[in-house]
Amino acid sequence: MKNRLAIGYLLRASISSFVAGCQVTNIDLPRFGALVRVPLDSEHQTYGLIYDIHIDDDGLVRQLATADTISEDIVADNRLHRNVPLEISLLAVGFRHDDQISHLSPPRPPLSLDMIYLCGDQEICDFTTAGQFGYFRHILRATDTAYEELLAAHLKQAQLAHKSIGDLDWINQATQELIILLRDDYSTLMNVLAAIRDIE
C-alpha cells in the first residue's frame with residue numbers, strides 16, 4: 001500500500017488505543033476525528049481515529065508564559081527549533097490483512113517508533129465501507145473521550161471523502177446505523193444526533 005502522509009511516530013500502544021508523538025510544525029496535519037493507519041508488517045495495517053491532541057508544557061514555556069510580553073521571534077523559535085511535546089491519542093478501530101479490512105481489534109498493537117500515516121480519501125472510503133459500520137462500536141465504547149464529538153468529527157471527514165468519489169448516500173447509511181445501535185439509549189442517541197446535525 002502506498003504511504004501517503006507521515007504525521008508522527010508511535011510512543012506507546014495497546015490493542016485498544018495508541019499514542020504518537022508529532023512535531024509541532026505538523027500541528028495542522030493531525031485533526032480530531034481523522035483516520036490514520038500504522039503498518040505493523042508487510043501484511044497488516046492497524047487503523048485508528050484521533051481522539052485527542054495534547055500539548056505539554058515544559059520549564060522554558062512556563063517561564064515564557066509569565067513574561068509581560070513575548071516577541072514573535074521567541075514564539076517562532078520555540079515552535080520551530082525546539083522539540084515541543086505534542087502527543088496524538090488514537091482509538092484503534094480495525095485493521096487490514098493483505099487486502100481484507102476488518103473492524104475487529106487488531107491482532108497486536110503497533111510497536112514503539114512505528115510510523116503513523118494519515119489516510120487519504122480512498123483509504124477512508126475503503127475502511128468505512130468495509131462491513132456494516134462495525135467500527136462504530138469501538139467509538140461508542142470509548143468512555144475516556146467525548147465520543148459524540150469524535151463521531152461527528154469523523155463523520156464529517158468521511159462524508160467529504162465519500163463525496164469526492166461521488167458517494168452521496170454514505171452519511172445517511174451511517175446515521176441509520178447509529179440510530180439502530182443506540183435505539184435503547186435515548187439520551188445518548190439524542191446527543192449523537194445533535195452532534196451529527198452540526199456537521200451539515
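Rings of Phe, Tyr and Trp (its six-membered ring) are taken to pair if their centres lie within 6.5 Å; planes under 30 degrees apart count as stacked, over 60 as edge-to-face and the rest as tilted. The model is predicted: local features need pLDDT of at least 70, side-chain atom pairs count only at pLDDT 80 or more, and totals for chains, interfaces and linings use all residues. Residues are numbered from 1 along each chain as its sequence is written, and side-chain values use heavy atoms, with hydrogens and water left out.

A search of the whole structure finds five aromatic pairs. Tyr47 and Phe127 form a tilted pair, 4.8 Å centre to centre with 40° between the planes. Tyr47 lies in strand 4 (residues 44-55) and Phe127 in helix 3 (residues 121-129), so this pair ties together parts that are 80 residues apart in sequence. Helices (H or I, at least four residues) and strands (E, at least two) are DSSP runs, numbered from the N terminus. Both Tyr47 and Phe127 are buried. Buried means under 20% relative accessible area, exposed over 50%, and partly exposed in between (1.4 Å probe, protein chains only). Ring pairs link Tyr47, Phe127, Phe133, Tyr135, Phe136 and Trp170 into a cluster.

Trp170 also belongs to the buried set of helix 6, with Ile171, Ala174, Thr175, Glu177 and Leu178. Seen down the axis of helix 6, the buried residues fall within an arc of 160° (taken from the directions from the helix axis to the C-beta atoms), so they line one face of the helix. They pack against helix 3, helix 4 (136-140), helix 5 and helix 7. Contact here means heavy atoms within 4.5 Å. Helix 6 has 12 residues and reaches 17 Å from first C-alpha to last, close to the 16 Å expected at 1.5 Å a residue. The expected span is 1.5 Å times one less than the number of residues.

Helix 7 (residues 186-197) has 12 residues and reaches 16 Å, close to the 16 Å expected. Its buried residues are Thr188, Leu189, Val192, Leu193, Ala195 and Ile196. Down the axis of helix 7 they fall within an arc of 160°, so they line one face of the helix. The face turned away from this buried side carries the exposed Tyr186 and Arg197. Cover for the buried residues of helix 7 includes helix 5 (147-164) and helix 6 (170-181).

Strand 7 (residues 115-118) pairs with strand 1 (residues 5-13) in the antiparallel sense over four bridges. Pairing requires at least two DSSP bridges between two strands. Tyr117 is the bridge partner of Ala6. Strand 3 (residues 35-39) is joined to strand 7 by two bridges, also antiparallel. There, Arg37 stands opposite Tyr117.
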